[in-house]
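Please keep the sequence and the structure at hand while reading.

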Amino acid sequence: MSLSLKVISCAPRVLEVKKFLSPVEVQHLIDLASGAKGDVSMQRSSVLASGIKNRKDQKIRDTAKQDTRSSTGGWIHREHDVIVDGIFRRVADLLNIDERMMRDQRPPHLIGAEDTESLPTHDRIVEAMQLLRYGPGEEYTPHHDFTYPSIENRYQPRRYATVLMYLTDGLEGGETTFPRAITTEFHDGVKVQPQSGKAVLFYNVLPDGNLDDLSQHSGGKVVSGVKYVANIWVWDPIIA
């Protein structure tokens with residue numbers, strides 16, 4: 001599959017990928033998020049309130065429901081079905097990362113010489129996919145996807161990149177805004193309009209390893225229609 005990336009902003013690094021998802025994949029995710037398939041629990045969205053990192057069980061997260069985020073959301077793991085697995089594989093291709101790093105890993109000390117499949121990482125470097133539904137009047141005010149890890153954590157895990165996938169067309173409102181972005185055309189932020197099947201890739205970490213404050217972004221208030229999106233957060237592949 002050939003992917004064409006368009007640079008939206010260099011500071012922060014934001015790229016757009018149209019037709020990242022096929023119509024079949026889009027409808028499958030909408031069916032999961034809307035309850036049509038009944039196997040994903042959609043609840044009031046939460047905001048990560050601490051640096052706790054646990055990608056194997058999202059329910060363990062220390063989260064808080066806040067007024068900054070008024071959507072409903074749920075989580076699906078890569079192993080949910082073949083279609084979801086295929087999307088994770090494509091995200092790995094997009095980031096030029098070995099897709100095996102997005103699977104559960106064996107601890108390095110348990111990997112023997114005969115084991116050629118396992119990778120010497122401490123955990124998978126990706127979270128479960130988050131499905132989100134925004135109805136009229138719902139939004140996500142400006143925020144960062146990264147958190148500061150505890151100084152006691154020797155690996156200093158961080159959300160390295162975000163892949164945001166749009167599942168609906170024909171919305172009024174609901175755009176993704178990077179208010180701190182600076183481009184040759186705009187010095188007061190850039191906006192990305194939702195389009196079914198389109199993905200936006202942006203980096204939360206600078207090339208030098210520091211967190212990028214310019215990656216702050218928001219999900220605009222939906223005026224009419226229902227906005228469905230899917231998020232995949234990828235953690236630093238070097239020190240995960």
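Predicted model: local features only at pLDDT ≥ 70, side-chain atom pairs only at ≥ 80, totals over all residues.

In which sense do strand E7 (residues 129-134) and E16 pair, and over how many bridges? The pairing of E7 with E16 is antiparallel and runs over five bridges.

## Strand E16 and its partners

Within the pairing of E7 and E16, Arg-133 has Tyr-228 of E16 as its bridge partner. Strand E9 (residues 159-166) is also joined to E16, by seven bridges, and these two strands run antiparallel. Here Leu-164 has Asn-231 of E16 as its bridge partner.

Is strand E16 buried or exposed? Nine of the nine residues of E16 (residues 227-235) are buried, so the strand is largely enclosed by the rest of the structure. Lys-227, Val-229, Asn-231, Trp-233 and Trp-235 point one way from the strand, while Tyr-228, Ala-230, Ile-232 and Val-234 point the other way. The residues on both faces are all buried.

## Salt bridges

Side chains of opposite charge can pair when their charged atoms come close. The structure holds twelve salt bridges.

| Pair | N to O distance |
|---|---|
| Glu-127 and Arg-159 | 2.7 Å |
| Asp-236 and Arg-158 | 3.2 Å |
| Arg-180 and Asp-213 | 3.4 Å |

Glu-127 and Arg-159 meet through their side chains. Glu-127 lies in the loop between helix H2 (82-95) and E7, and Arg-159 lies in strand E9, so the pair ties together parts that are 32 residues apart in sequence.

The salt bridge of Asp-236 with Arg-158 links distant parts of the chain, 78 residues apart. Asp-236 sits in the segment after E16, and Arg-158 in the loop between strand E8 (140-143) and E9. Asp-236 counts as buried at 9% relative accessibility, and Arg-158 is buried with a relative accessible area of 13%.

Arg-180 and Asp-213 form a further salt bridge, which links loops 33 residues apart. Arg-180 is in the loop between strand E11 (176-178) and strand E12 (190-192), and Asp-213 is in the loop between strand E13 (199-203) and strand E14 (217-219). Arg-180 counts as partly exposed, at 37% relative accessibility. Asp-213 also counts as partly exposed, at 40%.

Salt bridges that share partners also join Arg-78, Asp-85, Arg-89, Glu-99 and Arg-103 into one network.

## The sheet E8-E14-E11-E12

Which strands form the edges of the open sheet? This sheet has four strands in the order E8-E14-E11-E12, with antiparallel pairing. Its edge strands are E8 and E12, each of which pairs on one side only. From one strand to the next, the twist averages 15°. Inside the sheet, E11 and E14 run antiparallel and are joined by two bridges. Thr-177 stands opposite Ser-218 in E14.

## Helices H1 and H2

How do helix H1 (residues 23-34) and H2 cross? Their axes come within 10 Å and cross at roughly 120°. That angle makes H1 oblique to H2. The crossing is left-handed. On the H1 side, the contact is made by Glu-25, His-28, Leu-29 and Leu-32. On the H2 side, Ile-83, Val-84, Ile-87 and Arg-90 make the contact.

## Leu-15

Leu-15 lies in strand E2 (residues 14-17) and is buried, with a relative accessible area of 16%. The cut-off for that label is under 20% relative accessible area. How many residues apart in sequence are Leu-15 and Leu-201? They are 186 residues apart in sequence, yet their C-alpha atoms are 5.1 Å apart in space.

Not counting residues up to four places away in sequence, Leu-15 touches two stretches of the chain listed here by residue: Leu-5, Lys-6, Val-7 and Ile-8, and also Ala-199, Val-200, Leu-201 and Tyr-203.

Terms used: Residues numbered from 1 in each chain as written. Heavy atoms only, no water. Buried < 20%, exposed > 50% of the residue type's maximum accessible area, 1.4 Å probe, protein only. Pairing = 2+ DSSP bridges. Salt bridge = Lys/Arg side-chain N within 4 Å of Asp/Glu carboxyl O. Axes fitted to C-alpha atoms, helices over the stretch in contact; angles between N-to-C directions. Parallel < 35°, antiparallel > 145°, perpendicular 65-115°, else oblique. Left-handed = near helix turned anticlockwise from the far one by under 90°. Contact = heavy atoms within 4.5 Å.
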